[in-house]
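Here is a short report on one chain, written for reading alongside the model. Keep the sequence and the 3D view open.

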Amino acid sequence: MREDYDDEFWERHSIRRPRNLMGIVDSFERLVDSCPNEREIQSFLEDVPWLLAEQFPHCHAILPQFSLSGQFVADFVAPERSSGGTFWFLIEI
């Protein structure tokens with residue numbers, strides 16, 4: 001993947017920490033307990049990408065339904081930006 005994404009790209013996809021953390025975690029737990037289909041989980045995580053971003057120490061953006069050269073689509077991509085560069089993690093539900 002390209003390393004030259006501009007500041008506007010990163011700002012547009014930036015994750016902000018939500019205020020009601022426990023409410024979000026409780027909602028996700030209830031969703032998982034209901035045996036949801038993949039689309040329901042995808043939708044929830046698109047609405048609250050913070051849950052995914054928190055799994056990576058240097059992840060400040062989550063990209064949903066990310067096209068890989070038009071041939072494949074990852075459910076999410078989590079770019080980790082650190083002094084070592086940007087590392088891209090593909091997430092499949």
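## A buried glutamate

This model is predicted. Start with Glu 80 and its surroundings. Leaving aside neighbours within four places in sequence, Glu 80 is in contact with Phe 56, Pro 57, His 58 and Cys 59, and also with Gly 85, Thr 86, Phe 87 and Phe 89. Glu 80 sits in strand β2, which covers residues 72-82.

Which side chain of opposite charge is nearest to Glu 80? The nearest is Arg 81, and it is 11 Å away. Glu 80 is buried, yet has no salt bridge. The Glu 80 side chain does have a polar atom 2.8 Å from the backbone nitrogen of His 58.

## The chain as a whole

The chain has four helices and three strands. From the N terminus on, the order is α-α-α-α-β-β-β. Along the principal axes, the C-alpha atoms fill a box of roughly 40 × 35 × 20 Å.

The chain has 93 residues, and 35% of them count as buried. Take the contacts with a separation of 6 or more: 39% of them join residues 24 or more positions apart.

Helix α2 spans residues 21-33, a run of 13 residues. From first C-alpha to last, α2 reaches 18 Å. That is close to the 18 Å expected at 1.5 Å a residue.

Which residues of α2 are buried? They are Leu 21, Ile 24 and Leu 31. The face turned away from the buried side carries the exposed residues Met 22, Arg 30 and Asp 33.

## Salt bridges

How many salt bridges does the structure hold? There are two. One links Arg 12 with Glu 8, with the closest N and O atoms 3.6 Å apart. Arg 12 and Glu 8 are separated by about one helical turn, because they are four residues apart in helix α1 (residues 7-12). Both Arg 12 and Glu 8 are exposed.

Glu 11 forms a salt bridge with Arg 16. Here the closest N and O atoms are 2.5 Å apart. Glu 11 is partly exposed, at 47% relative accessible area. Arg 16 counts as exposed, at 51%.

Most residues other than glycine have a negative phi. Cys 35 is not a glycine, yet its phi is positive, near 55°. At 68% relative accessibility, Cys 35 counts as exposed.

Where does Ser 69 lie? Ser 69 is in the loop between β1 (63-68) and β2. Its phi is also positive, at about 60°, although Ser 69 is not a glycine. Ser 69 is exposed, with a relative accessible area of 80%.

Terms used:
Residues are numbered from 1 along each chain as its sequence is written. This is a predicted model: local features need pLDDT of at least 70, side-chain atom pairs count only at pLDDT 80 or more; totals for chains, interfaces and linings use all residues. Side-chain values use heavy atoms; hydrogens and water are left out. Helices (H or I, at least four residues) and strands (E, at least two) are DSSP runs, numbered from the N terminus. Buried means under 20% relative accessible area, exposed over 50%, partly exposed in between (1.4 Å probe, protein chains only). Lys and Arg count as positive and Asp and Glu as negative; His and the chain ends are not counted. A salt bridge is a side-chain nitrogen of Lys or Arg within 4 Å of a carboxyl oxygen of Asp or Glu. A polar contact is a pair of N or O atoms within 3.5 Å; within protein, one must be able to donate a hydrogen and the other to accept it, and residues adjacent in sequence count only if both atoms are side-chain atoms. Contact means heavy atoms within 4.5 Å. The expected span of a helix is 1.5 Å times one less than its number of residues.
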